[in-house]
Amino acid sequence: MSKELFRTCPESGLQFHKPAELLMKAHAVVAVVILLIGGIAALLVTLTRWPAVHLLPADRFYQLLTTHGVNMLIFWIISFEIAILYFCSSTLLKVRLATPKIAWFAFLLMLAGIIVNNAAVATGTASVMMTSYVPMPANPNFYLGLILFAVGALIGCFIFLATLVIAKDEKTYEGSIPLVTFGALTACIIAVFTIASGAIVLVPTWLWSLGYINNIDAAMYRIVWWALGHSSQQINVAAHVAVWYAIAAIVFGARPLSEKVSRTAFFLYIAFLQLASAHHLLVDPGLSAEWKIFNTSYAMYLAVLASMVHGLTVPGSIEVAQRAKGYTNGLFQWLRKAPWGNPVFSGMFISLVGFGFLGGISGVVMGTEQINIIIHNTIYVPGHFHATVVIGTTLAFMSLTYFLIPTLFRKQVAFPAIARLQPYFFGIGMSVFALAMMGAGTLGVERRHWDMAFTNATLSFEYPASAYTMMGIMGLAGMVAIVGGAMYILVTVVSVFFGKSVESESSYGIATSRVMRAEPIVIPDGGHAAAGKWGFAAPGTFLLAIFFLVVFVLYYAVNWKYLASVWPLS
Ligand code: HEM
Ligand SMILES: [Cu+2]
């Protein structure tokens, strides 16, 4: 193994394999360009759903909704995830990336897929939206683009796995792989399952769109499509949870409270997520009520449990690390004294809280067979998933970017004042946006509807004025979030392409990450002397968790009560 193929980052101590580094950069740059395209579509779509503006005509609305959904949920997130997989294998394990040449081939396939798919949507002949349910037909290139992209991503997953094998062979680490890499491995395993399901559903659909197959069963399509659609969300969750752990380690030198518990929680994702796909089929005919209730109301909770474990151990480990540094006053001094001006931290923490409170609680409510019907197919649904994939995943990836700019790209973060505020604009804007959508959805406003007023419809329907207010708040908050997204793109693009290079100091004083290098951190006294109240190592986090549970139980109960009122039996 020739040494000049590696460089060591002076600030973080991370060791980059140069061919891997180039690949990570390429994937990250493509991801950000896609985010820009998805963001422009987000702006236009939001301005249309905002009743006072109602910008686009119907056909453009559905076309841009397709552009937005596919670019954001598939191309942006997965491109960034491939960069994360290469980082978590090659960089964290200090090993060469397996087969960089094939990795470039995979990159090109993904890029070709993005172009082919977007070109198909741009012609206006593939406005079938993200879910592309048959028998609604799209231009064959819509499916072909997705297939090319998926094959590229699948190759990327195998390169990640092969790199782990090389690291094990060459003994570049001791003991088991670090937790962050373990999280990435979880994401990778789920991705292989997801992409296989994608192939099973999209290849026949592509052949059908070309005329080689004359019928695809709509119900069967939905079952297999959601094996893809839901599982891919679990890739995102595993990946952004790994990013949370990484950032807790980077910023605080925090160590997970219990590695075993965290690893077990990752394993629960692999074991239970496929069953939870059933929550997308809750009103589908042909599936029994028992099947739906078992898979969503029982099996799903084991995957939810895993997220709650991570949601507890990440802030818990930060609290323990902060207390060890002397922030021991009261229950929350550790949190008040956290580096709120560092976007690596603030973005990650907003991501964690927003994902848990908004995404998590609404997800369980929606996933419960009985109360789902209150908000089924309303705008509550995008309210929920913007809390998970935007506040949870996207914001976590954004905060990681502020770490990668100095370490991977070797550039200073441009416009630090903007970077500092960015997570607040994006995170708070998105939170209000998602809550307003949930509010409007609870009042019945439909999802994916071009005109909530049903102008000139044969059967008219009047929403209460409050539904319009909610949609107005959604529009305004959406604009704040868009500004936050634009700030991110401005900072990253200017830093990476026009930024000053990093000499010896990084702009964010990023501490060396020991957990990511799988070495134990020595906190004086194991952190115990410094630790908390009432015999808890992390009492503040414990109190937050209790608060979470109370909110959770109340909201859940309110929905059952509400169900009784929307369905009067007398
Ligand atoms: C500032 C940021 C964003 C804004 C303002 C925004 C806004 C919207 C709006 C208004 C809709 C249409 C909802 C409907 O009519 O049913 C939508 C749909 C959607 N958004 Fe976003 N979004 C943003 C970011 C994102 C991101 C980062 C992702 C994914 C990572 C995402 C994924 C989706 C998906 C999958 C859909 C559904 C598309 C479909 O129905 O086929 N969005 N978004
Ligand atoms: Cu799902």
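**Figure 1. Contacts and overall form of the predicted chain.** Among contacts in the chain (C-beta atoms, placed from the backbone, within 7 Å) between residues at least 6 apart in sequence, 85% link residues at least 24 apart. This is a predicted model, in which local features need pLDDT of at least 70 and side-chain atom pairs count only at pLDDT 80 or more, while totals for chains, interfaces and linings use all residues. Residues are numbered from 1 along each chain as its sequence is written, with chains lettered from A and ligands numbered from 1 in the order in which they are written. The chain contains 15 helices and 2 strands (DSSP runs numbered from the N terminus: helices are H or I, at least four residues; strands are E, at least two). Its C-alpha trace spans about 70 × 55 × 45 Å along the principal axes.

Figure 2. Of the 570 residues of the chain, 53% count as buried (20 or more other C-beta atoms within 10 Å of the residue's own, placed from the backbone).

**Figure 3. The surroundings of Ile-247.** Leaving aside neighbours within four places in sequence, Ile-247 is in contact with Val-344, Phe-345, Met-348, Ser-399 and Leu-400.

**Figure 4. The shell around ligand 1.** Ligand 1 is surrounded by 26 residues (C-beta atom, placed from the backbone, within 6 Å); the closest are Gly-69, Met-72, Met-129, Met-130 and Ala-481. H2 gives the most to this shell, with 7 residues.

Key: Buried ≥ 20, exposed ≤ 12 C-beta atoms within 10 Å, placed from the backbone. Contact = placed C-beta atoms within 7 Å.
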